[in-house]
Amino acid sequence: MRPIPLTELWLAPEATVEGLQRLLHRPAPPHALLIVGVEGVGKRTLARSLAAAWMCPNHTSAGHCNACAVCLLWSDEGQHPDLRTLQPDPDQIKIDAVRETRSWLGFAPTVAPCRFVILEEAHKLNPAAANALLKTLEEPPPYASFLLTAPATDWLLPTIRSRCRIVRLATLPVDGLASRLQARFGLEPEQAHRLAELAEGAPGHALRWAQGMATNVGREVNGELQALEALLALFAQLGHAPLEDALRLAEQFRELCKRLEASAPDRSARGALAMGLDYLLRWYRDSLAVELKGDSLRFQAYREPLLQLARRFPPAKRLQDLSQLIEARRAILRNANLQLITETLFIQLLSEP
Ligand SMILES: [Zn+2]
């Protein structure tokens, strides 16, 4: 995709946007910038927009001009002669890719005033590649800049992190995202709200689903949406299902996570299960929030089943479940046995305190 001017991105919070605009006023970009935030929040899109802005000699705080000789060289796929993008292949960024990029950086820019390297999912640099990158970050050519993306700062080596200026992206408030979706795609208010809620305020997911619905070609996109809706319907059973159902629910949970895996090409089996558990974590947080006055629920449409869960188990037990969930998520990302972890988890969730 071609880069989008900075002011047209759906970013939060407002302070981040203002900070980025101030950054664009500087004569040169920082040598390394790390963009962190959850999946779908817009890290990759922002990296491209920032690269385009700094490469454009006419840029303003609103972003690149989209009309000059440098801007016109962007391809529809988002390539540019003064940009390199490194991605995990398939689940690691390897040293060869970093070495090749280093020699590419040895040449001065072709048309832009600077050369950019975007490192997507920089936490997937393997140790050798991370060391090679570090050498370049220590002494970069004057015209070179790096844009790294990662879910959180502590997923990167401290030596790399400490050389980066950090930009944190937050999800949008669900209502705000819903009204933007409504305005752009002409969705019904309820439908827009539902997408925003399921996307948990991450514009990347919501935009993909809304586009899929609008063009009617996004079959796998809608598969993802359906899998998420089915997941929430499964969580809704936790307020009344008997303990004997634990293994069946665990199996259904794994099945639905498989569908999540199949719906995104760069999502691994473990990544999909971690994603499913993230939704379950939010469900439990909501079950704690639902009894408070002036609560702000992630899943507004599920107030009833959330209340049911809250009535079934006391808060202390649900807090314990939450820590169990966090532990299960960690274990899944650490190569533990998926079936065992999910079965133990669902038994715990349905057990009386
Ligand atoms: Zn331009």
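Start with the largest nonpolar core, which has 101 residues. A nonpolar core is a set of buried Ala, Val, Leu, Ile, Met, Phe, Trp, Tyr and Cys residues joined through C-beta atoms within 7 Å. A residue is buried if 20 or more other C-beta atoms lie within 10 Å of its own, with C-beta atoms placed from the backbone. Select I35, A51, L147, L148, L195, A196 and A206, the residues with the most contacts inside this core.

This is a predicted model: local features need pLDDT of at least 70, side-chain atom pairs count only at pLDDT 80 or more, and totals for chains, interfaces and linings use all residues. Residues are numbered from 1 along each chain as its sequence is written.

Next, select L195. Leaving aside neighbours within four places in sequence, L195 is in contact (C-beta atoms, placed from the backbone, within 7 Å) with L181, A206, W209 and A210.

Now show helix 7, residues 189-198. Helices are DSSP runs (H or I, at least four residues), numbered from the N terminus. In helix 7, 7 of the 10 residues are buried, among them H193, R194 and E197. Just after helix 7, select E200, which has a positive phi of about 55 degrees.

Finally, select helix 10 (residues 246-262) and helix 14 (residues 338-350), whose axes come within 8 Å and cross at roughly 130 degrees. Axes are lines fitted to C-alpha atoms over the stretch in contact, and angles run from 0 to 180 degrees between N-to-C directions. Residues in helix 10 including F253 and R254 meet residues in helix 14 including F346 and I347.

Key:
Helices (H or I, at least four residues) and strands (E, at least two) are DSSP runs, numbered from the N terminus. Two residues are in contact if their C-beta atoms, placed from the backbone, lie within 7 Å. A residue is buried if 20 or more other C-beta atoms lie within 10 Å of its own, exposed if 12 or fewer, and partly exposed in between; C-beta atoms are placed from the backbone.
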